[in-house]
Amino acid sequence: MKKVSVRKFKAQCLSLIEEVRKSQQPILITQGGRPLVKLVPMETAHKRFLGRLEGIVKVVGDIERPILPAKRWNALR
């Protein structure tokens, strides 16, 4: 990951943002040699909404069928 001082980021802000957008690689912005913030591209942050829990969550059974039969729904009374 590329590291940039906060001074350099301030001077080259727009070009660094464009670089992150094109390369899809984050940039770590530092102050006094210590990490301050990370600039990441939006596409990476929101790329895979559907399927992001693949391998973590296991679906068992029919997820579309109601748990209770329609006769027992309070909303129908």
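Student: Where is L53 found?
Tutor: L53 is in the segment after helix 3 (42–46). Helices (H or I, at least four residues) and strands (E, at least two) are DSSP runs, numbered from the N terminus. By the way, this is a predicted model: local features need pLDDT of at least 70, side-chain atom pairs count only at pLDDT 80 or more, and totals for chains, interfaces and linings use all residues. Residues are numbered from 1 along each chain as its sequence is written, and side-chain values use heavy atoms, with hydrogens and water left out.

Student: OK, new topic. How many helices and strands does the protein chain have?
Tutor: Three helices and three strands, in the order β-α-α-β-β-α along the sequence.

Student: And which residues form the largest nonpolar core?
Tutor: V4, F9, L16, V20, I27 and I29, six residues. A nonpolar core is a set of buried Ala, Val, Leu, Ile, Met, Phe, Trp, Tyr and Cys residues joined through side-chain atoms within 4.5 Å.

Student: What share of the protein chain is buried?
Tutor: Buried residues are 12% of the 77, where buried means under 20% relative accessible area (1.4 Å probe, protein chains only).

Student: Back to I27. What is I27 in contact with?
Tutor: Setting aside neighbours within four places in sequence, the contacts of I27 include M1, L16, V20, V37 and L39. Contact means heavy atoms within 4.5 Å.

Technical notes:
Buried means under 20% relative accessible area, exposed over 50%, partly exposed in between (1.4 Å probe, protein chains only).
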